[in-house]
Amino acid sequence: MSETLLVLFIIAVLFFIFNNLNNKIRRLEKEISELSLKINQPKTNIVIQQEGPEEAVTVSSHVQEITSREEIHTEEHPAEQKKDWLEPVFDFLKQNILTIIGIFTLVLGIGYFVKYAIDKNWIGETARAGTGMIIGAGIMLAGHFLRKNYAVFASIITGGGIAVLYFTTTIAFREYHLFTQNTAFIITTLITIISIALAYYYKSEVLIIFAMLGGFSAPLMISSGQSNYLFLFTYLTLLNIGMLAAAFLKHWKSVGWTAYVFTSLYLFSWTSEQPELLSIIFYVINYIIFYIFALQDYIKKNALSQWDTLMLVLINFSSIIGLIYIFNTLNYEPVIIFPILFAAVNALLLLREYGRKSFGFSYSIFAALTISLVTAAAAIQFKTHLITSVWAIEASLLLYIWKKSGHNIFKTCFYVLFPLVIIAQIITWSEYVSEDKMRVVFNPVFLTSLVTVVTMIFNLFLFKKMNGGKKQSDAFLENIFAVVSYSIIYLALLLEITYHISDMPWPAITSIGLLFSIYYVFALLLLRKKLAIDQMIQTGLIYLLLILIIFNASFAASAVVTAVLQKKLTFGFYMTHLLHWIPFVYVLWNTASIQDFYKTKLSYWAVSVTTVIAVSCGFYHTYLVSSVDDISNIYKAKEHFNILYLPIIWTVLASIFIYISLKKNISEYSRIGFALIGIMVLKLYSYDVWQMDNISRITAFIILGVILLLSSFTFQRLKNIIKNMVDKKEENPED
């Protein structure tokens, strides 16, 4: 009893507060309306006299000031930046969030109250359902009376009443078994029809969204676990036809998008659970319905909006994915029939635009859709992976539409879909591990990769065309996209090569992989201007190339030498691995032409260290391959080279670095040269000298001493030449 009194007291307090707020709101509305009437009055020189003419106040000046402010505001308004497409949604939520939360809380409160009444055995099962129906109808009736002054608020209230009716019907059927499934379906259908009729009568887009949500949720609410897909999709088709009529009559785009999302979920669920011929019919029916929905502005105004274009893209490609999956699962032929049919539909509209000599946005969209669908058909005919190929083509299509239209929604969709393409491609590559004896190039995995590669090259070309005037944030995203695209292209080619040489010894596979990587990076550097590669990426590519050369010249070459000595590989293969010198020499001669590379001292050290390692390891491994016949003698040959020849090589390289430093006035090279000499001398006196025999020790010291003296003499001579040139310039400044 005390709980009931507490509830009644809270309701009375809330009613009192609401009544006071309502009175205040009405007074404010009245004052605002009176003020607006005063502002909208024609300009008149009304003079108010107060004790004398000197204190007269001209009201017209105040009105003119207000009017001028409005004109300034009106003139400035078109110059405002275009609002983001999500801003209306956020505005609606900000203005009505309390109403939405309130009606949601009210529905929950009613539910908890009914549960409490059930727990206390206050009402029976039939009375519970009846109470829910009465409460839902009461909420809708309250919304009806509020619709004139509070349209949006009344729509949300009415939507809450509709939700109560749906949930009451669901509970009455599932929990209490008060009526059969057919009766429950008839009741939910009647609720949906009434809701749509009310939405049309009230001209409320919010209310019809509630109705559509309830209509599409009804099959789930009254489901008995048995899959009657014919009945389900007949109902959904009728619902979608009603949606199409409402969309054309009231131009409510959100209704169509709501219907598309739910219909696609139902269709894909059916396709994955039980693919059959009947589902093909409903795919085609829904394709027609939503294709017509996407063309409503085109039919009325001969124009395509950004949302219509996005719907055209989605309905074409989502239908293709579902239909081809069914064909592949049921082994129907030909699998390309629907991509070709859909391409023909878009081609007809393309021909219409061509016949009208209209080569604008609509022409570009229909042309892009036709080409994309034909490309997808060709890819699918060659047994490529469905999802990966379709998503890759769809992503390129979205990027192309973004370029043509400039609408950011297509950019957003592209950036959402692009990671999915990468994930799908990685899953496709996993078949290299599980599949055996696939054909070279003409296998499903590589053909799918080829589709992805072609689309990414196309995407890079589009980004190159859109480079003008881009923001820093856009440039950062495009650089990430470029790096990922080059990486995907690289992996697609590398994995295909690796798969077909997998029978070779592991050192050969590693060496071939590294050589391919080196030449791939080398090709990107050669084409850097045509590909419009960013300077930062160019610098990164040079560092990557140097790292790859170090690995190929040291670790990979060592494994190759061991395999050659073990007769697993030939001497000719060893010579092949030395091909990394071609791109390395190019880098040594042309890095100066790449801007920003030598801005840091690290670049000089990276090039020098790579040179030392490549030269040293090249001579080292060539010496081992040419001088060792039996692998058991390799240790002695390594010791002999390290002690006798390596100090000489390092001394020569150090002298070259010092010479370059003096000739080109680059002080960093002299530091590198002297550092290398220091390492060599430290190695010589701390280790090498104790491992040599007398003859080798004498030879090494004499040769090393001569080289050091010659280097010192050359250094001093160049230093004197430079000093004399400076002195002459100071004596004859005019020269």
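Is Arg356 buried, exposed or partly exposed, and at what relative accessibility? I looked this up in a predicted model. Arg356 has 39% relative accessibility, so it counts as partly exposed.

**Entry 1: the partner of Arg356.** I found a salt bridge between Arg356 and Glu353, with 2.9 Å between the closest N and O atoms. Glu353 has a relative accessible area of 2% and is therefore buried.

**Entry 2: other salt bridges.** I noted 5 salt bridges in the structure. One of them joins the side chains of Lys253 and Asp308 at 3.1 Å, N to O. Lys253 belongs to helix H9 (residues 253–273) and Asp308 to helix H12, so the pair ties together parts that lie 55 residues apart in sequence. Lys253 is buried at 17% relative accessibility, and Asp308 is buried at 1%.
I then turned to Arg671 and Glu668, whose closest N and O atoms are 2.8 Å apart in a salt bridge. Both residues lie in helix H26 (residues 667–686), 3 residues apart, about one turn of the helix. Arg671 is partly exposed at 43%, whereas Glu668 is buried at 8%. I also recorded that salt bridges with shared partners join Lys253, Asp297 and Asp308 into one network.

**Entry 3: the cores.** I found 132 residues in the largest nonpolar core, where Phe233, Met243, Leu312 and Phe366 have the most contacts. Helix H12 gives the most to this core, with 12 residues. A second, separate core has 33 residues, among them Leu624 and Ile677.

**Entry 4: Gln306.** I located Gln306 in helix H12 (residues 306–330). Gln306 is buried at 16% relative accessibility. Beyond its sequence neighbours up to four places away, Gln306 touches His407, Ile409 and Phe410.

Key. Residues are numbered from 1 along each chain as its sequence is written. This is a predicted model: local features need pLDDT of at least 70, side-chain atom pairs count only at pLDDT 80 or more; totals for chains, interfaces and linings use all residues. Side-chain values use heavy atoms; hydrogens and water are left out. Helices (H or I, at least four residues) and strands (E, at least two) are DSSP runs, numbered from the N terminus. Buried means under 20% relative accessible area, exposed over 50%, partly exposed in between (1.4 Å probe, protein chains only). Contact means heavy atoms within 4.5 Å. A nonpolar core is a set of buried Ala, Val, Leu, Ile, Met, Phe, Trp, Tyr and Cys residues joined through side-chain atoms within 4.5 Å. A salt bridge is a side-chain nitrogen of Lys or Arg within 4 Å of a carboxyl oxygen of Asp or Glu.
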